[in-house]
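This note sets out, point by point, what may be read from the model under review. Each point is meant to be followed with the structure at hand.

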Amino acid sequence: MRWSQTLIPTQKETPSDAQIISHQLMLRAGLIRQLTAGVYDFLPLGLRALQKAAAIVREEMNKIGGAEVLLPAMNPIELWQRSGREQQYGDLMFRLKDQHGRGNVLAPTHEEVITELVAAYVNSYKQLPLTLYQIQTKFRDEERPRFGLLRVREFLMKDAYSFHADVESLNKTYQDMYDAYARVFTRCGIPFVIVEAESGPIGGSASHEFMAACEAGEDIIVTSDKGNYAANVEKAEIGNRPHTFAGEPTGALENVHTPNLPGIDEVGKFMKVKPKNMLKTLVFQARGLQSPGLQWVVAVVRGDHDVNEAKLKKSVKETFGVNEITMIDSPEVRQTWAIGFVGPDAAVKRPDTVVVVDPDAAQGGFWATGANEVDHHVKHFNWSRDAGGDKLADPKKVLVADIRNASAGDPSPKNDGGVLKTSRGIEIGHVFKLGTRYSDALDAKTLDDKGQSHSIIMGCYGIGIGRILIAAIESLHDDKGIIWPAAIAPYSVVITPIKYDGEVKAAADALYHQLTTSGIDTLLDDRDARPGFKFADADLIGFPIRVNIGDRGLKEGKVEVKRRKAPEAEMVPLTEIFEHVQKALRLP
């Protein structure tokens, strides 16, 4: 391709609304352009990089036996109602009606559609296992699209789905996908870490995320300093922490009027108490009960910690038979609880309530907490004195469990002396074991060898194609611009004639023909522009190799080769340039 024949609108200045480096550089390098909030045009260079990433993903999916399909982006809403996820996605889902009044959605993901497809054609265990995948556009109505391609309303995803007659088969495909993902991101040249993860709205029994380090990332990665544990913050467990409700009171219970204070930090400042010496008490409605008479679940953590709802849900399900919990702040709830001012004592004393306390909050010593009265808190709360020591020992009433988000400095769950540390990253891939959540809802069943019907066991595996580009740029750039890994660079080589005429033009055209006909994707910068301007554009875009051709070098039969990552250029004989480029790109 010649520069004059394509569209590469580079910019010198950083757009004012671009906050993270990948967004800034993709705009400046002319890879993308914003059409509207959260929706981007991919320009020729951006599309080439995107297509290269997609090709690597496609190769690795095919290698492990995936069969490619293409599913509709617009789905009948009934499928989502059958799975229960229409409500779950809520305002994130684009909804529309056709001219006949039928409800449809723009799919944020495709579990429902693929399951309906398989249910129509697969009816015997002999047809399993089966893995289907697609590379398709997804739509999510993000409230605050931001950070370029990181949080958008329309994006390209590879989503794969596997179907199995038994768990052993699922486990094998899950491992195959796990390994294939590692190969994908390694081939794309992206530094990544694999972490344990929560399944979230997808559902399922197990999942792992593939994360790329990024200071602007929205995800928190938790790792042990011993290098033997990694999880995202929603999943990260914390090691053993001794706890006891015992301890003498630090003083008489003191009621403090705390009006018009919106949060725990403001309350702490007013009371002259640090958040770590406060108890945060959150109220959840209990649903899907196995225990009659139970209406409420109350979680208690230290004031400087945050409740992890996934951990809390797991704890109450296993211990109290509560299948679902929901935090609702409504006038009806406020008739029962002084929301924002609840203390653990009221929760412990209610017969229709169970209490789950994080170990760091289940301690003696000085505590401040809610007074169970609007605009009031108390100092010198003591568990034994104020919450009733006998009830605290009742396992049907009070549970001490890890229910908070992990933070830097916490003990590793390996309990080997390791200490947790945190960093930020972006999710570039996610694998799930779904079980029968969708096959149950959409009646995807097969007959076994005895003629008995069973729901198909499923797995789900996603890669954000655009996020591969983000991860590469966030990890690989300098003050001049992008440093593309060769595998996903828009072009591997850019030829920059110092002046595109005469012998220089002839040499540039000949080299361009040689490289392109040999399968090396090459861009010829045939613009009538100053050399420095061309060099700056090439560095901004991040082509792995720049070949500079000028009169002076040609007189010696040489051209200048500048690798994007190298500090200096080198002179190479024109007769050896093809082999030199091959070696630099590590091509066979």
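1. Val378 is placed in strand β19, which spans residues 376–379. The model is a predicted one, and the values below should be read accordingly. With a relative accessible area of 7%, Val378 is buried, because the cut-off for that class is under 20%. Leaving aside residues up to four places away in sequence, the contacts of Val378 are Leu253, Glu254, Asn255, Met271, Trp367, Ala368, Thr369, Gly370 and Ala371. Between Val378 and Thr250 the separation is 128 residues in sequence, yet their C-alpha atoms are 12 Å apart in space.

2. The chain as a whole may be considered next. The chain comprises 588 residues, of which buried residues make up 50%. Its secondary structure consists of 18 helices and 31 strands. Taken along the principal axes, the box filled by the C-alpha atoms is roughly 95 × 65 × 55 Å. Of the contacts between residues at least 6 apart in sequence, 71% join residues at least 24 apart.

3. Which residues touch the most other members of the largest nonpolar core? They are Leu31, Tyr181, Phe185, Ile190, Ile468, Trp484 and Ile488, in a core of 62 residues. Helix α2, residues 44–63, supplies the largest share of this core, with 8 residues.

4. The packing of α2 on α14 comes next. Two packed helices are described by the angle between their axes and the distance between the axes. For α2 and helix α14 (residues 465–475), the angle is about 110° and the axes lie 9 Å apart. The angle makes α2 roughly perpendicular to α14, because values from 65 to 115 degrees fall in that class. The crossing of these two helices is right-handed. On the α2 side the contact is formed by Gly46, Ala49, Leu50, Ala53, Ala54 and Val57, and on the α14 side by Ile465, Gly466, Ile468 and Leu469. By class, the residues of this contact comprise 8 nonpolar, 2 polar and no charged.

5. Helix α1, residues 21–28, is mostly covered, with 7 of its 8 residues buried. The buried residues of α1 are Ser22, His23, Gln24, Leu25, Met26, Leu27 and Arg28. Their cover includes strands β1 (32–36), β2 (39–42), β25 (477–478) and β26 (481–482), together with helices α14 and α16 (531–541). Just after α1, Gly30 adopts a positive phi of about 70°.

6. How do α1 and α14 meet, and what is the angle at which they cross? Their axes come within 8 Å and cross at roughly 100°. The two helices are therefore roughly perpendicular to each other. Ile21, Ser22, Leu25 and Met26 of α1 meet Leu469, Ile470, Ile473 and Glu474 of α14. The residues of this contact divide into 6 nonpolar, 1 polar and 1 charged.

7. A cis peptide bond, with omega of about 5°, joins Leu128 and Pro129. Pro129 belongs to the loop between α5 (111–121) and β7 (130–139). Phe147 is not a glycine, yet its phi is positive, at about 60°. This residue lies in the loop between β7 and β8 (154–164). Phe147 counts as buried because its relative accessibility is 17%.

8. Asn415 also has a positive phi, near 50°, in a residue other than glycine. Asn415 is found in the loop between β20 (398–400) and β21 (420–435). Is Asn415 buried, exposed or partly exposed? Its relative accessible area of 43% makes Asn415 partly exposed.

Methods:
Residues numbered from 1 in each chain as written. Predicted model: local features only at pLDDT ≥ 70, side-chain atom pairs only at ≥ 80, totals over all residues. Heavy atoms only, no water. Core = buried A, V, L, I, M, F, W, Y, C linked by side-chain atoms within 4.5 Å. Buried < 20%, exposed > 50% of the residue type's maximum accessible area, 1.4 Å probe, protein only. Helix = DSSP H or I, 4+ residues; strand = E, 2+ residues; numbered from the N terminus. Axes fitted to C-alpha atoms, helices over the stretch in contact; angles between N-to-C directions. Parallel < 35°, antiparallel > 145°, perpendicular 65-115°, else oblique. Left-handed = near helix turned anticlockwise from the far one by under 90°. Contact = heavy atoms within 4.5 Å. Nonpolar A, V, L, I, M, F, W, Y, C, P; charged D, E, K, R; others polar.
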